[in-house]
Amino acid sequence: MKTSNNFRKQSFAALSLAALGVVYGDIGTSPLYALKEVFNPNNGLTLNQANLIGVLSLIFWSLMVVVSLKYVTLILRADNRGEGGIMALLALASSSVANRPGLRNSLLLAGAFGAALFYGDAVLTPAISVLSAIEGMEIATPLLKPYIVPLTIWVLIVLFIAQRKGTAGIGMVFGPVVVAWFIALAVIGVLNIVKAPQILAALNPFEGFKFFFSHGWIGFVSLGAIVLALTGAEALYADLGHFGRVPIRTAWFAVVLPSLVLNYFGQGALLLTNAKALENPFYLMFPAWALYPMVALATAATVIASQATISGAYSMTKQAMQLGFLPRMGVTHTSAKEIGQIYIPMINWFLLIVIIAVVLSFGSSSNLASAYGVAVTGTMLITTLLTFFVLRYSWGYNWILCIVATVLFFAVDALFFSANLLKIAQGGWFPLVIGLLIFTLMITWKRGREILRSRMRTQAIDLRSFLDSLFADPPVRVWGTAVFMIADPNSVPNALLHNLAHNKVLHERLVFMTVVMKEVPWVRFGERTTVESLGKNCYRITINYGFKNDIDIPKALQLCSMEGLEFNMLETSFFLGRETIIPVPGDGMALWREKLFASMSRNAGNAAEYFGLPPNRVIELGAQVEM
């Protein structure tokens, strides 16, 4: 028993340490730029003691309300079979209102837009984080200023090239590096606070209220920069499945929150005694001899923060594919032990190209800060909305409790989002454009697939009736097994009709296989496959996957042996249908969306690779479908 307890303690400590490195890298690097941007001269806020204390009070209580109460206390409870993230939350919320089609479709649209905004965040986080870290060199010596942007781009290129090798090798050092980062934040914060302890007045929430209501419009505008202190909060929920609720909460309250608060207050204390430090209050807290080591540590911390966001983009894409929001893309598993470690080349190079363009276009962390908050606050707002429906319809709480639990968070999120909309002209348009483009792709693909399935269904032939008529005068049957993949398990696959028309034969065993994606993260092996005999050595198989399961059809077919159906891959041929979409004006989507869907369909990833099929055992037969 003692050994078991020690093991659990070691496991819990390891998870908490890993959570520091992966979950809190983004929000942990916000002190590099957040407070500086609040008092950016472009915002019109005067730097004085009253304003400084008021702003710090808003930062402190925003961390408490949005992160500690909303995410750490409430939303971490809204797990979808142990998994978190906006796609998991969307699946949970939409399935809980499955009997209300109108409401379900509205939630799907809102959740898809929140997920799309995440890609804007995935572009801006590496750009602003790495750039703000390397800008510390300019504080050490202005002569290095011309090299900041080139060095930032070099670091980002190395980071993205390394993605194909996976993070397993460097993941073990993430935790210790981020621990060193948070220790440095806390220590330097305390050393500066003792020089101006009056800054601790910001702990009083009334100071924040007084600042906000006494400054009117400027107070509202300031929220657009204050929210930068909250960036990365969504990662708390997104990484729930990797680390668990308790390690994430422990890391937040024991390490991250105290370190962030001490550092922000330390920057405030510095600005009370030296207003000129506004140039870069984070780095100017440190003595001159510590600048270069801190630039190195900050760069490492921001690379880790960027890595977490990039990995999140891969996971989000995979979940979106399996929930039917995006077409197939090539997915590479970078670890034999960790199934969550994946690499998607198309997403990787898309992000790198856009990030480099962003760094070159904006040129500094201050310029990027104007673009950053829109994507973050938009996703936070939609998360709160979806949480309400989970509380009400999935957990069955009464209306009053659901409203009380979410209205405060929704109001705060709406304030932050509204304040950031004011920055659209200064760069806030960028994540919105990225989000709208991805959102358009997502809803076009999902709607296109629905229309395609509907058209195929109207032309479909009932499978049982077809088999009865077929075996009344059966064709020649040849050795081996033919597996026909079909979306509708009651319909005859077009691939079977084409095979009969061209080859005039049937295999001695026919299997009609349907892959069903459930709105849950995981489907257990015991629930993975169902087998139904149709007679004449014909079978109908349904394979169930969750949106985080790895799709591997040969492995799933091995499970059929428990129901008496054995498969030898060397004797099995997989017949896949591939539709060529012909866009035509009609009752479907707008013609431009139909053309977009047709283009996405043509460029979708290889079906055999996506389903894990042996490439030398796959036969694809095409058909043209008008939309």
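Trp-252 touches Tyr-24, Ile-27, Leu-63, Val-67, Ser-68, Val-72, Leu-257, Pro-258 and Leu-260, leaving out residues up to four places away in sequence. Contact here means heavy atoms within 4.5 Å. The model is predicted: local features need pLDDT of at least 70, side-chain atom pairs count only at pLDDT 80 or more, and totals for chains, interfaces and linings use all residues. Residues are numbered from 1 along each chain as its sequence is written, and side-chain values use heavy atoms, with hydrogens and water left out.

**Nonpolar cores**

- The largest nonpolar core has 182 residues, and Tyr-24, Trp-181, Trp-252, Tyr-283 and Ile-553 touch the most other members.
- Helix α6 (residues 101–134) gives the most to this core, with 17 residues.
- A second, separate core has 17 residues, including Phe-484, Val-492, Leu-496 and Cys-538.
- A nonpolar core is a set of buried Ala, Val, Leu, Ile, Met, Phe, Trp, Tyr and Cys residues joined through side-chain atoms within 4.5 Å.
- Buried means under 20% relative accessible area, exposed over 50%, and partly exposed in between (1.4 Å probe, protein chains only).
- Helices (H or I, at least four residues) and strands (E, at least two) are DSSP runs, numbered from the N terminus.

**Helix pairs**

- Helix α8 (residues 148–161) packs on helix α16 (residues 345–362) at an angle of about 175 degrees, with the axes 10 Å apart.
- That angle makes α8 roughly antiparallel to α16.
- From α8, the contact uses Val-149, Thr-152, Ile-153, Leu-156, Ile-157, Phe-160 and Ile-161.
- From α16, the contact uses Asn-348, Trp-349, Leu-351, Leu-352, Ile-355, Ile-356, Val-359 and Leu-360.
- By class, the contact of α8 with α16 has 13 nonpolar, two polar and no charged residues.
- Ala, Val, Leu, Ile, Met, Phe, Trp, Tyr, Cys and Pro count as nonpolar, Asp, Glu, Lys and Arg as charged, and the others, Gly among them, as polar.
- Helix α5 (residues 86–96) and helix α15 (residues 291–322) pack at an angle of about 30 degrees, with axes 9 Å apart.
- The helices α5 and α15 are therefore roughly parallel to each other.
- Ile-86, Met-87 and Ala-88 of α5 meet Met-316, Gln-319 and Ala-320 of α15.
- The contact of α5 with α15 divides into five nonpolar, one polar and no charged residues.
- Axes are lines fitted to C-alpha atoms, for helices over the stretch in contact, and angles run from 0 to 180 degrees between N-to-C directions.
- Angles under 35 degrees count as roughly parallel, over 145 as roughly antiparallel, 65 to 115 as roughly perpendicular and the rest as oblique.

**The six-stranded sheet**

- An open sheet of six strands runs in the order β5-β6-β4-β3-β7-β8, with mixed pairing.
- Strands β5 and β8 (618–626) stand at the edges, each with a single partner strand, so one side of each is left without a neighbour in the sheet.
- The twist averages 25 degrees from one strand to the next.
- Two strands pair if DSSP finds at least two bridges between them.
- Strand β3 (residues 476–485) runs parallel to β4, and eight bridges join them.
- Val-476 stands opposite Val-505 in β4.
- Strands β4 and β6 also pair in the parallel sense, over eight bridges.
- Val-516 has Asn-544 of β6 as its bridge partner.
- Seven of the eight residues of β6 are buried, so β6 is largely enclosed by the rest of the structure.

- Strand β5 (residues 529–535) pairs with strand β6 (residues 538–545) in the antiparallel sense over six bridges.
- Thr-530 has Thr-542 of β6 as its bridge partner, and Gly-535 stands opposite Cys-538 in β6.
- Two residues lie between the strands of this hairpin, where Lys-536 takes a positive phi near 55 degrees.
- At 55% relative accessibility, Lys-536 counts as exposed.

**Other local features**

- Most residues other than glycine have a negative phi.
- Lys-504 has a positive phi, near 60 degrees.
- Lys-504 is in the loop between α21 (494–503) and β4 (505–517), and is exposed, with a relative accessible area of 55%.
- Leu-591 is found in helix α23 (residues 591–602).
- At 34% relative accessibility, Leu-591 counts as partly exposed.
- Leaving aside neighbours within four places in sequence, Leu-591 is in contact with Pro-583, Val-584 and Pro-585.
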